[in-house]
Amino acid sequence: MQTKIIIGTIAFMLTMIILGFIALNEPARLEAFSAAYEGRSIENGAEIFVNNCATCHGIDGTATQCFDATGAETGCVGLPLNNADLLCGNRPPRLDAMGWAGTKSDFIEGTIAAGRPWAGMPTWGQQFGGPLQSNELRDVALFVQNWESETLCGGEEVEGPVWPTRVSDLPAGNPENGANIYQVPLGCNACHGLVEDESTANGPGPWLGALAAEAADRKEGYTDADYIYESILLPNAHIAPECLIGGNPSDCPEPSTMLSNFGQRMTEQDMADIIAYILGVTEFESNVDVVYPEGSVAPPAEE
Amino acid sequence: MATFVDQVRELGLKQATIAKVDEAVERLTAGLNVNDIRDMLRGEEPRRPNPRLRPHADGFWLHIRPSFYHTEVTHIYPSFRLGWLSTFMFVWETITGIFLMVFYTPSPDVAYADIWNILGNVPLGQLMRNLHRFGAEVMVVVVALHMLRTFITGSYKQPRQFTWVTGMVLLVLTLILSFSGYLLPWDQLAYWAVTVAVSAAEATPGPPALGENINLLLRGAPVIGAGGLLRFYLLHVLLLPLLLAIFFFVHYYKVVIHGHSLPPGREAIGEDTAKRVPRDERTYFLPDIATSELMWSALTILFLVAGAIWFYNAPLERHANPLVTPLHVVAPWYLAWSQGWLKLADKVFIAFIFIPGLATAFFLMPYFEVGKSRRYADRRLGISVSMLFIALMWISNWMGSPEYLVQSSPDQEVAQELLPQEGHSALKEVPYDFLEPGTYTPFDAEDAPNPYLAAALEEFERAMQQRSCSLSDDGPYEPCQVMDQGDTVRYGNRFTNDAMPDPEAQLIIDDYQDNMRRLTLVFSAPDPQNPGNELYAYTRTGYRHEMSNYEEETRLLQ
């Protein structure tokens with residue numbers, strides 16, 4: 001019986017020692033676990049993003065390269081997510097631009113859940129009738145925020161204008177090429193419809209077919225080319241008065257839901273071609289300077 | 001009765017206190033004072049009248065325990081203490097379960113987050129969960145072994161037939177307890193395993209309304225959701241433990257009333273002398289059996305704790321998603337046999353005729369297996385049948401696994417082996433830093449940049465070898481067995497009837513985000529009959545974040 005008492009006591013002591021070691025390691029293990037499972041959430045978010053969001057936002061979230069179900073390249077109709085405007089720091093500029101007083105992750109998760117029906121983004125959250133559960137929404141939001149990095153946010157500020165201040169300084173435009181890039185890869189037709197066909201302009205952007213005649217009257221002192229040039233580079237600079245969607249006047253939302261990164265996606269030739277396509281001329285007149293804001297991170301795309 | 005103050009006056013404070021303590025101990029133990037306990041621990045003979053029997057006669061905790069055992073049943077053989085161990089495991093599960101209950105809410109909105117919280121925020125939470133889940137699996141094994149031992153030693157025979165019946169009830173309750181707890185984490189593993197099993201209820205024969213209503217009763221709704229989770233939770237923490245406790249007490253009462261059956265060779269055939277224990281063959285509960293039980297408790301706790309820390313890890317897959325069914329849904333291992341049988345025959349036959357019939361036969365076995373002798377030599381047929389039955393159950397368990405009869409196309413199977421939707425794989429064992437970006441084929445294991453990736457590529461090659469074949473003789477795979485079935489031609493190899501002919505397979509690792517890599521498996525096999533077309537073309541993409549520590553979870557000795 002003595003043996004049993006000794007064995008039992010030793011076993012009990014061993015158990016206590018093991019538990020002691022485990023308890024000492026617990027804080028580190030808890031940290032590692034939380035990080036590991038957040039990593040797994042991000043992996044799940046990546047899968048959901050690639051399957052649902054990449055067709056509009058691009059597989060790398062920059063809304064520069066989008067493919068449809070057959071694999072053909074198509075215009076990206078979603079806003080760029082992988083950019084400093086939305087992701088950098090606790091209060092990135094986009095939150096203020098959208099008038100959002102809450103946190104960045106709530107903004108992203110809420111936008112995904114509710115969608116933006118007026119702008120073409122589907123409703124994703126199950127609470128609003130969409131297909132994704134709340135944990136999946138959280139995973140996608142974590143994934144999008146995972147694009148925040150030194151390379152994205154530590155970019156050097158570019159001093160001064162990076163686009164020519166005068167639209168007349170752009171190279172000569174090619175309307176045929178402009179017609180092509182209008183659809184692929186820039187995707188203007190997704191919001192504005194085809195210039196030739198008013199019936200394709202079903203929103204959210206106004207049809208551009210009549211713009212050639214009206215552009216010069218939109219802003220005081222601006223030529224038509226000035227107006228179009230500014231509207232593409234700085235969509236919030238002017239919201240069209242009766243923003244026609246499908247021929248019906250409607251309240252266009254401020255700030256503009258037009259993508260603000262065209263300045264980073266187009267070369268100078270692209271810009272000239274698009275303006276040429278819309279206006280039907282190859283050379284442009286200019287009255288005003290259009291200044292791409294100081295502190296903007298990226299210059300126009302390389303040729 | 002002298003009051004304490006009088007005693008102090010008479011004996012002095014120290015003596016009076018000692019006397020008071022002695023009196024308190026005697027009251028608490030229902031009959032043993034301090035000297036009696038000291039004598040017990042020293043192994044000395046008891047005084048007369050024997051105070052060590054009084055806790056059994058007068059006390060609550062020991063009143064159901066026998067005051068002495070026949071010495072022959074106190075060794076490891078014949079019982080292996082499995083009945084005791086089963087009871088211990090039930091108490092263990094109750095205690096660890098109560099710890100978990102503090103942090104868990106049975107609602108689909110928060111259940112998964114609660115488990116995450118237990119594992120990631122509660123100190124020792126992962127240990128507690130592992131202890132509970134490991135304990136559950138150990139309990140199922142122990143209960144089954146106890147049943148096997150009882151069968152082999154013939155301890156179910158007269159007068160102990162009803163003890164066997166209550167024991168069978170306890171076995172069924174243990175399995176249902178384990179199954180109901182399986183759903184509670186509300187991850188993909190839990191949700192789909194339980195959905196598959198409960199869907200058998202829909203196959204209830206008879207009017208459709210019967211099956212529908214049974215389904216509703218179990219699930220609380222047409223599909224398993226908030227109602228189902230709550231019902232399973234209440235089953236798991238209230239009803240089933242209550243039933244188990246009730247049947248346990250009946251079972252144990254009968255064990256004590258009839259006495260523990262002696263080793264078969266010890267008694268004359270047909271005799272049951274368990275209750276008539278000669279004085280010189282008695283081992284008293286206090287102190288011998290009690291010490292023994294305490295020692296075994298300490299050893300079992302050590303085993304469970306060490307196992308839960310180093311050898312066992314309760315899995316947590318992704319959040320349950322009713323819209324996404326993972327490939328290879330499988331029942332928990334103790335029910336895999338039923339899944340195997342369901343692959344062989346009709347659902348109604350298996351679930352409502354075969355299994356109930358088998359269970360009834362088991363329950364009533366002592367009433368028709370009425371041979372007088374308990375000796376092994378006289379029961380060769382019975383023992384052989386039981387061994388055969390165990391072998392059958394092992395095979396049935398394997399049949400329940402995804403390898404049997406439910407394989408999908410070979411490209412998807414290879415992808416599932418390497419990049420499963422849930423669970424572990426050879427690729428997940430490669431730590432993040434060793435997933436060098438690049439393009440790899442199954443035959444690149446020797447040129448792999450590091451041994452981890454080499455091991456994963458070797459698994460890739462092995463998986464491809466099992467499911468591919470070469471049309472020419474000098475190809476890298478087994479030669480194809482071409483099966484011309486008229487309008488289709490199938491290709492097989494030594495392992496399978498469904499193999500990819502001359503496939504191209506690649507694993508592409510590239511960076512997707514700064515701290516996340518993307519793993520893409522691409523398979524293509526042209527159709528030999530129709531060179532322009534592809535017989536197999538499949539791509540699967542997985543992602544790997546820097547912090548995900550899959551490689552730690554798959555390690556033995558974590």
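Visitor: In which hand, left or right, does H5(B) pass H12(B)?

Guide: This is a predicted model. In it, helix H5 (residues 82-101) of chain B has its axis within 11 Å of that of H12(B). As H5(B) passes H12(B), the crossing is right-handed.

Visitor: How many charged residues are in the contact of H5(B) with H12(B)?

Guide: From H5(B) come Trp84(B), Leu85(B), Phe88(B) and Trp92(B), and they meet Glu293(B), Ser297(B), Thr300(B) and Leu304(B) in H12(B). Five residues of this contact are nonpolar and two are polar. The number of charged residues is one.

Visitor: How does H7(B) lie to H12(B), roughly parallel or roughly perpendicular?

Guide: Helix H7 (residues 125-152) and helix H12 (residues 285-311), both of chain B, pack with their axes 9 Å apart. The angle between them is about 115 degrees. Since 65 to 115 counts as roughly perpendicular, H7(B) is therefore to H12(B) roughly perpendicular.

Visitor: How many nonpolar residues are in the contact of H7(B) with H12(B)?

Guide: On the H7(B) side, the residues include Leu127(B), Phe134(B) and Val138(B). On the H12(B) side, they include Leu304(B), Val305(B) and Ile309(B). In this contact no residue is charged and three are polar, and the nonpolar ones number eight.

Visitor: Which element of chain B supplies the largest share of the side that touches chain A?

Guide: The contact takes 37 residues from chain B and 35 residues from chain A. Helix H6 (111-120), H12, strand S8 (504-513) and strand S10 (534-545) of chain B each supply at least two residues of the side that touches chain A. The largest share, 13 residues, comes from H12(B).

Visitor: Which residue in the turn between S5(B) and S6(B) has a positive phi?

Guide: Strand S5 (residues 481-484) and strand S6 (residues 489-492) of chain B pair in the antiparallel sense over four bridges, and Met483(B) stands opposite Arg490(B). The two strands form a hairpin with four residues between them. The residue in the turn with a positive phi, about 85 degrees, is Gly486(B).

Key:
Residues numbered from 1 in each chain as written. Chains lettered and ligands numbered in written order. Predicted model: local features only at pLDDT ≥ 70, side-chain atom pairs only at ≥ 80, totals over all residues. Axes fitted to C-alpha atoms, helices over the stretch in contact; angles between N-to-C directions. Parallel < 35°, antiparallel > 145°, perpendicular 65-115°, else oblique. Contact = placed C-beta atoms within 7 Å. Nonpolar A, V, L, I, M, F, W, Y, C, P; charged D, E, K, R; others polar. Pairing = 2+ DSSP bridges. Left-handed = near helix turned anticlockwise from the far one by under 90°.
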